[in-house]
Amino acid sequence: MDKKIYLYGLIPAAEADQQPLPSVEGFDGEGKLYTFPIDDITAVVCDLDPNEYAEESIEQKINNDLEWLQKKAFHHHEALTLLYNNYTVIPLKFCTIYNSEESLQQSIKSNGDKVENSFQLLKGNEEWNLKIYCDEDQLKQQVSQNNTTIEEKRKEIKELPPGRQFFERKKIDHLIEKELDKEKDRLCDHIHEQLKTYAVQADVKKNWGKDVTGLKENMSWNSVYLLPVAKVEAFLAKVESEEKGLDGSGLRLEASGPWPAYHFSSFS
Amino acid sequence: MAVEQPMQSSTIVDVLEKVLDKGVVIAGDIRVGIADVELLTIKIRLIVASVDKAKEIGMDWWETDPYLSSKATENNQALEEENKKLKERLDALESQMSNNRWNTADQE
């Protein structure tokens, strides 16, 4: 059986020709990464033993061998970061593996236009992430003090007999929770709309739970932006000023980047 | 505001989110289904956090325990080697000493 090919990323052949590939250890820790030219596209790959890296055994490892997954996911990311620092690169997903050179070649050739468009999109642009975390106790306090709906409800309650006040207060707590969520969405949405104006493309992603992030605050927003290099500085300044403007609300903004364009470069 | 540089200090959560994303590899010839990216991320984060924590409070004894760590085995080999050499020197000294005793006995 043929050797298998692990595909890390694609770079424009013109750039690959200008600069030799840095030396990087392969996925199996034995071989090295090398370039594989396919017309105007250069694939950065390494070889894998076909018996060791059968579909079932990889799936088994990913889902059950956490140490392996952690090590290899970081290896994948580190290799792509190195490529990203040297070339325009379309990063592939973790464990993109072909059964033979021919198969890789065929797949790239049939997606030639898409790859070319992706190169054009990524050239001169950077992928940045924004996560907004919320200290809910703090925001709750603000909402509870400054929200007109809640204020009116409080006034209403004061007029009631004491026995009913108790139950109505419980209702207010529930109302505060609802208003808190609304306020959080409104603030995050507003920030995103502002930041989107700097970006060529922008997407909103799924929020992660506290048990995933390991943080005390809830993640309230998770978005990704493709920014022209020239606008990155202004984007970050905007993030900072938005955060300052929210002082006391319990919201914390965290921008990270530039990342290899995992999000904005779909290839298949 | 914190700006993180993924080149230097990617957190595990960020990297796993980026490289695993939707959980199924659709490029390439093999189709790898990832059961639950969130669950895997939680588990990995916990492993890393507990190792870091243990180091912080000095509970990294397993790194020097030969039953648990290959590093410790290397250390052990060095120790055994040193031990062997010391024994040889001791043997040599002892036999020298007993020779000396015979010599003094002769003289008496």
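**Exercise 1. Determine how much area chain A and chain B bury between them, and which residues of chain A take part.**

Solution. In this predicted model, chain A and chain B bury about 4,100 Å² between them, with 63% of it on carbon and sulfur atoms; buried area here is the accessible area (1.4 Å probe) that two parts lose on being put together, summed over both. Next, the contact, meaning heavy atoms within 4.5 Å, draws 54 residues from chain A and 40 residues from chain B.

The count between the two chains is 16 residue pairs in polar contact, both residues at pLDDT 80 or more. A polar contact is a pair of N or O atoms within 3.5 Å, where within protein one must be able to donate a hydrogen and the other to accept it, and residues adjacent in sequence count only if both atoms are side-chain atoms. On chain A, the elements that give two or more residues to the side touching chain B include α2 (55–64), α3 (66–86), β6 (125–134) and β9 (251–259), and α3(A) supplies the largest share, ten residues. Helices (H or I, at least four residues) and strands (E, at least two) are DSSP runs, numbered from the N terminus.

**Exercise 2. Identify the peptide bond that joins A:Gly257 and A:Pro258, and state the phi of A:Asp39.**

Solution. The bond between A:Gly257 and A:Pro258 is cis, with omega about -5 degrees, and A:Pro258 is found in strand β9 of chain A. A:Asp39, although not a glycine, has a positive phi of about 50 degrees, and this residue lies in the loop between β2 (34–38) and β3 (41–48) of chain A.

**Conventions.** Residues are numbered from 1 along each chain as its sequence is written, and chains are lettered from A and ligands numbered from 1 in the order in which they are written. Because the model is predicted, local features need pLDDT of at least 70 and side-chain atom pairs count only at pLDDT 80 or more, while totals for chains, interfaces and linings use all residues, and side-chain values use heavy atoms, with hydrogens and water left out.
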